[in-house]
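Work through the exercises below with the sequence and the 3D model in view. Each task is followed by a solution in steps.

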Amino acid sequence: MKPNPGDPGCTCYRLRQSARIVSRTYDTFLAPCGISIGQFGLLITLSAMKGESISSLAEVLQMDRTTLTRNLIPLQKLGYISVEQASDKRARSLSLTVTGQKTLTVARPKWKAAQRSLEKKVGKAEVNLLNVTLENTLLHLQK
């Protein structure tokens, strides 16, 4: 990889650059499923948060509601998620469809293969340290 001559030594800049490279790795492994790592993340989170509102999901994912809604539209068109009116008429309830659950079942082993690939390239201990560091960062920034 060519070094970036414009790197200002900024943490955010390096995180975004690293995220693009890591995302490409996961996207490559998930491509046979027809989803990206971002879509996989949405599906896996929805799987764990059955019937939650867009606002709740956006909060958990640290996303703007508008951005989340825009990212959910392709998954809804593919028939992977269901968006229904919640008991509160102002909210909408999200859940995985049977098709979405099947896609997630097929995608999980491919995600695991991407994870192993990253661990092989970077080192398992380094990936574990990175995950701990990122988790701690999230905890501190959410305060």
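**Exercise 1.** Which residues in H2 meet which residues in H4?

Solution. This is a predicted model, in which local features need pLDDT of at least 70 and side-chain atom pairs count only at pLDDT 80 or more, while totals for chains, interfaces and linings use all residues. Residues are numbered from 1 along each chain as its sequence is written, and side-chain values use heavy atoms, with hydrogens and water left out.

Step 1. Find the two helices: H2 covers residues 37-48 and H4 covers residues 65-77. Helices (H or I, at least four residues) and strands (E, at least two) are DSSP runs, numbered from the N terminus.

Step 2. List the contacts, where contact means heavy atoms within 4.5 Å. From H2 come Gln 39, Leu 42, Leu 43 and Leu 46, and from H4 come Leu 68, Asn 71, Leu 72, Pro 74 and Leu 75.

Step 3. Sort these residues by class: seven are nonpolar, two polar and none charged. Here Ala, Val, Leu, Ile, Met, Phe, Trp, Tyr, Cys and Pro count as nonpolar, Asp, Glu, Lys and Arg as charged, and the others, Gly among them, as polar.

**Exercise 2.** Describe how H4 packs against H2 and against H3.

Solution. Step 1. Two packed helices are described by the angle between their axes and the distance between the axes. Axes are lines fitted to C-alpha atoms, for helices over the stretch in contact, and angles run from 0 to 180 degrees between N-to-C directions.

Step 2. For H2 and H4 the angle is about 90 degrees, and the axes are 11 Å apart. H2 is therefore roughly perpendicular to H4; angles under 35 degrees count as roughly parallel, over 145 as roughly antiparallel, 65 to 115 as roughly perpendicular and the rest as oblique.

Step 3. For H3 and H4 the angle is about 105 degrees, with 9 Å between the axes. H3 is thus also roughly perpendicular to H4. H3 contributes Ile 54, Ser 55, Leu 57, Ala 58 and Leu 61 to this contact, and H4 contributes Arg 65, Leu 68, Thr 69 and Leu 72. The classes are six nonpolar, two polar and one charged.

**Exercise 3.** Which helix gives the most to the lining of the largest pocket?

Solution. Step 1. Note the helices that each supply at least two lining residues: H1 (11-30), H2, H3 (54-61), H5 (98-122) and H6 (124-141).

Step 2. H1 gives the most, with 11 residues.

Step 3. Divide the lining by class: 19 residues are nonpolar, eight polar and four charged.

**Exercise 4.** Is Gln 62 buried or exposed?

Solution. Step 1. Locate Gln 62 in the loop between H3 and H4. Gln 62 has a positive phi of about 60 degrees, although it is not a glycine.

Step 2. Its relative accessibility is 53%, so Gln 62 counts as exposed. Buried means under 20% relative accessible area, exposed over 50%, partly exposed in between (1.4 Å probe, protein chains only).

**Exercise 5.** Which residues does Ser 95 touch, not counting residues up to four places away in sequence?

Solution. Step 1. Ser 95 lies in strand S3, residues 92-96, and is partly exposed at 22%.

Step 2. Ser 95 touches Leu 46, Gly 51, Tyr 80, Ile 81 and Ser 82, with residues up to four places away in sequence not counted.

**Exercise 6.** How many helices and strands does the chain have?

Solution. Step 1. There are six helices and three strands.

Step 2. In order from the N terminus, the elements run α-α-β-α-α-β-β-α-α.
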